[in-house]
Amino acid sequence: MKLDIDWTRCDGHGLCSAVLPDRIARDEWGFPIIAGGAVTDSELRAARRAVGICPALALRLSADPTHA
Amino acid sequence: MTATLHRPAATPTSRPTVPAWTIGAPRLLAGLDRNAVVDYTTHLQLHGPLHHTDRARLTDTVDQVGLRGRGGAGFPFAQKLRSLRTESRPVVVVNGSESEPASFKDRLLMRRAPHLVIDGALVVARAINAADAIITVHDAIAEQALRAALAQRSDAGPVRIERSTGPFAAGEVRALARFLSGGPALAPGRRVLPTEAGVNNAPTLAGNVETIAQVAVLTRLGVGRFRETGARTEPGTILLTIGGAVTRPGVVEIPIGTPLGIVLAAAGASDPQAVLIGGYHGSWLAPLPDITLSHDGLHSAGGTFGAGVVMLIGSHACALGEVARVTAWLAAQSAQQCGPCRFGLPALAADVQAIWSGAPHGVDAALRHARMVDGRGACAHPDGTARFVASALHLLQDETAAHLQHGGCGRPVVGVLPVPATTAAQA
């Protein structure tokens with residue numbers, strides 16, 4: 001699994017970063033910076049919470065690691 | 001410093017005509033030495049009748065010559081054909097947006113060799129059994145030329161012309177597919193390939209105008225004759241738009257693999273200090289004559305063909321000022337959809353302006369912001385802008401040092417790079 005951001009939705013609320021601080025940092029405007037690599041099993045619970053807590057519905061957990 | 005940073009420059013569109021010339025035998029530009037516009041009769045005399053083929057053979061043919069997209073990304077065309085979803089009837093989109101300000105080659109083809117573009121659209125549409133083949137254009141003259149060409153022939157049933165508009169990023173194929181589906185010309189947030197779901201969610205085979213015209217040439221010549229020019233691993237020709245500090249600017253067809261030095265000598269470049277290759281999402285390189293103008297050669301040199309732009313900055317002009325002007329324009333072209341682009345590109349533009357003004361720490365800030373915006377958007381506009389700035393700062397280290405020490409390099413900003421007088425993008 002990996003975390004994907006829909007940048008057209010993200011408003012930089014930062015809740016994802018609060019839930020997953022080791023994986024998601026924030027840039028100087030508050031937008032998330034997701035560290036690379038697949039989401040580990042131990043992170044999965046928190047990652048699901050981060051997805052669920054995003055008020056803009058901008059965060060997704062996806063199985064497919066390839067990008068268009 | 002006497003020059004201002006934001007002096008308006010002439011854009012290629014404001015010129016009455018853009019010259020076309022070739023190194024080696026012309027293919028796409030055949031007949032343009034004698035014809036303002038190649039009409040249908042002349043087109044058939046020059047190229048012969050259209051050769052239709054089926055999907056498997058077309059895929060095999062473009063694969064054998066390694067045809068890559070000429071719009072910017074350089075994506076293998078055979079791979080697009082292979083990945084096209086087959087469950088529903090596909091659509092062909094010929095992307096003639098040419099939003100890249102320094103490029104003119106697609107407009108030149110549509111304006112002066114429109115039948116080649118229509119031929120390519122027809123060949124691809126027939127091969128994949130597409131219901132529609134849509135040629136999209138921003139340029140009014142190109143639109144007129146294509147419509148006039150359609151009226152000259154009776155075989156162009158599935159082809160229609162659509163006028164589209166919008167900022168730089170509106171020419172990106174997924175933004176275009178959304179526009180053609182009745183939406184705004186903005187890249188969607190989810191990265192779905194057009195070959196999966198494009199125009200009205202139909203599988204969509206999109207190609208740049210030049211790519212599609214190359215298909216028309218290829219299906220006539222066949223693999224063997226197509227390979228007679230160009231590099232062994234990248235056969236064929238490619239169109240460049242050459243401008244800046246040259247005596248013969250214009251659209252040029254060259255065999256792929258021609259050394260940059262030969263092109264610069266033919267264009268009458270005198271003592272250039274820097275070359276921008278690809279366009280405003282491209283890379284700044286030292287104008288070394290032995291750079292091979294092929295995908296592989298440019299990759300080795302740290303660049304890409306991009307949209308085929310080759311802009312020279314002479315040794316008497318302030319290259320950094322040119323970079324600052326264009327970066328400001330690129331920042332204004334953000335569609336304002338994605339936070340990192342919306343906030344990051346103006347910050348990046350301010351950094352470059354600060355470097356030009358001789359402020360300390362500008363380079364560090366610019367490189368940090370360039371890294372920060374890279375890859376963080378719905379489209380490739382932030383990535384391309386980051387590449388433009390980072391490659392410039394890498395190349396122009398002596399000049400940035402001069403601006404830092406003396407507040408400038410003593411050379412004027414002459415406005416070599418065209419910056420359209422458009423305002424910020426509509427969100």
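**Note on the salt bridges**

1. Over all chains, a search of the whole structure finds 25 salt bridges, a salt bridge being a side-chain nitrogen of Lys or Arg within 4 Å of a carboxyl oxygen of Asp or Glu. This is a predicted model, in which local features need pLDDT of at least 70, side-chain atom pairs count only at pLDDT 80 or more, and totals for chains, interfaces and linings use all residues. Residues are numbered from 1 along each chain as its sequence is written, chains are lettered from A in the order in which they are written, and side-chain values use heavy atoms, with hydrogens and water left out.

2. One of the bridges pairs D27(A) with R376(B), at 3.0 Å from N to O. D27(A) sits in the loop between β2 (24-26) and β3 (32-34) of chain A, and R376(B) in the loop between α13 (362-373) and α14 (381-395) of chain B, so the pair joins two chains. Helices (H or I, at least four residues) and strands (E, at least two) are DSSP runs, numbered from the N terminus.

3. D27(A) is buried, at 7% relative accessible area, and R376(B) is buried at 9%. Buried means under 20% relative accessible area, exposed over 50%, and partly exposed in between (1.4 Å probe, protein chains only).

4. In chain B, R160(B) and E162(B) form a salt bridge at 2.5 Å, N to O. R160(B) is partly exposed, with a relative accessible area of 32%, and E162(B) is partly exposed at 27%.

5. R174(B) bridges to E172(B), with the closest N and O atoms 3.4 Å apart. Here R174(B) is buried at 10%, whereas E172(B) is partly exposed at 23%.

6. A network of salt bridges links R70(B), K105(B), D106(B) and E210(B).
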